[in-house]
Amino acid sequence: MGSTESLARDDLRAKQLQRLRETVAYAAENVPFYRRTFDDAGVSPSEIDSLEALENLPFTTKEDFRAEYPDGLFAVDTTEIRRIHASSGTTGKPKIVGYTERDLDRWHEVMARSLAAAGLDDADTVQNAYGYGLFTGGLGFHGGAEELGAAVIPTSSGNTRRQVELARDLGSDALCCTPSYALYVAETAEAMGIDPTSLPLSTVLYGAEPCTDPMREEIEDRLGVIAIENYGLSEIIGPGVAAECRAAQDGMHIWEDHFYPEIIDPATGEVLPDGEDGELVLTTLSKEALPVLRYRTGDLTSLTTEECACGRTMVRMDNVTGRADDLLIVRGVNLYPSQIEAVILEFDSVAPYYRIDLDRDDGLDTLALTVELEAEYDGDREALREEIRERLHNALSFTPDELELVKYGSIERTEVGKVKRVYDHR
């Protein structure tokens, strides 16, 4: 563990303030978008004389990225850019992000921290099954593993039978991938006649998708590993914003010497105290190519500065319970897909695969839930269906219009990219 990770909170806040003031001044000087937003808000960079003063600055949103497409938010000339990544752009123009040489060095540094927090070191072999390309996952984990001194197997995503063979034959210690893909690797190994727990893997570093505690437990049980959550987003740097420590597995440490976090009420924008649930807002403190101030991530979580068993003093964020824009409103009931997942995975008879279909019937919204059963289930489906309906009603005050239980393997698996759970036909 580096000394920065265990700084006294007062020393850390002093470092944050110094970097914040430098970043705000730098953004105002080099990014026309921020000059305009500061002027419109009547705020001067010189007024940022405390961390709390950050609340006076306006938010940056994904819409701002798209309005400034492709490189209107860059603070450096193109000649200083060493790499460009982008978000998937599934809901519009992709968000383009750039990196200078120093940005790449910082990215490798925070990713190496994340892998070290997961218990990895330079003696480990890391099988990286995140996609390589414009998506930041693959090259983010790759650079961090190399910075740590570990050996990297850059398998990328897909070709899952080959993934299983390589993990077995090359003695992979860690697998980096989405949580849904980790389960698919286990499923594929079983189909190949290989006990997934016999693979040499000891650690799965997962991220890029929401993952409830029951799904994490499923990954750990199926593969015989410790599963460690990682968090990041392209607009801030990619993976490497926050990571769980192996010692506690109790929230992800945000590397807040580089990324300053706030939690806000998503409806009002008001900053909330530690421990309260809300939307995560992040400010970069050391980025050159793309400084980002008060970015609304859309991710719902909470923060705590309580002492961690690992000795790190950096704030921890809880796992993401959903996204502010993923809220489902069905006949006046507000709920998130992750809440539904947490309920259905309480049942041992249910596999961690489901889909939600939203539709409209005579002007009313409807929700159909399809849930996959475990392979060995041979019980009373109708009784189980009623138990699940009752549990959903008691836990969420919600009952799906349709609840279908299907045999194991019925729901389409995802080998490449993020799994899709919600299909909106309205």
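Is Tyr295 buried or exposed, and what is its relative accessibility? In this predicted model, Tyr295 has a relative accessibility of 2% and therefore counts as buried, the cut-off for that class being under 20%. Phe65, with a relative accessibility of 4%, likewise counts as buried.

Because Phe65 belongs to helix α3 (residues 62-67) and Tyr295 to strand β12 (residues 295-301), the pair ties together parts of the chain that are 230 residues apart in sequence.

A stacked arrangement is found for Tyr130 and Phe141, whose ring centres are 4.7 Å apart and whose planes are at 15°, an angle that falls within the range of under 30 degrees set for stacking. Tyr130 is located in the loop between β3 (125-128) and α5 (136-148), while Phe141 lies in helix α5 itself, and the two residues are 11 residues apart. Both partners are buried, Tyr130 with a relative accessible area of 4% and Phe141 with a relative accessible area of 2%.

The charged end of Arg355 is placed over the ring of Tyr423, at 3.8 Å from the ring centre, and Arg413 lies over the face of Tyr353, where the distance to the ring centre is 3.5 Å.

With regard to the strands, nine of them form an open sheet of mixed pairing, in the order β4-β3-β5-β6-β7-β8-β9-β14-β13. The edges of this sheet are provided by β4 (151-153) and β13 (303-304), each of which pairs on one side only. Strand β9 (residues 252-254) is paired with strand β14 (residues 316-317) in the antiparallel sense, over two bridges, and Met252 has Met317 of β14 as its bridge partner. Helix α8 (residues 213-223) packs on the sheet and touches β6 (203-206), β7 (226-233) and β8 (238-244), with the direction of the helix making about 135° with that of β7.

Note on methods:
Residues are numbered from 1 along each chain as its sequence is written. This is a predicted model: local features need pLDDT of at least 70, side-chain atom pairs count only at pLDDT 80 or more; totals for chains, interfaces and linings use all residues. Side-chain values use heavy atoms; hydrogens and water are left out. Two strands pair if DSSP finds at least two bridges between them. Helices (H or I, at least four residues) and strands (E, at least two) are DSSP runs, numbered from the N terminus. Contact means heavy atoms within 4.5 Å. Axes are lines fitted to C-alpha atoms, for helices over the stretch in contact, and angles run from 0 to 180 degrees between N-to-C directions. Buried means under 20% relative accessible area, exposed over 50%, partly exposed in between (1.4 Å probe, protein chains only). Rings of Phe, Tyr and Trp (its six-membered ring) pair if their centres lie within 6.5 Å; planes under 30 degrees apart count as stacked, over 60 as edge-to-face and the rest as tilted. A charge sits over a ring if NZ of Lys or CZ of Arg is within 6 Å of the ring centre and within 35 degrees of the ring normal.
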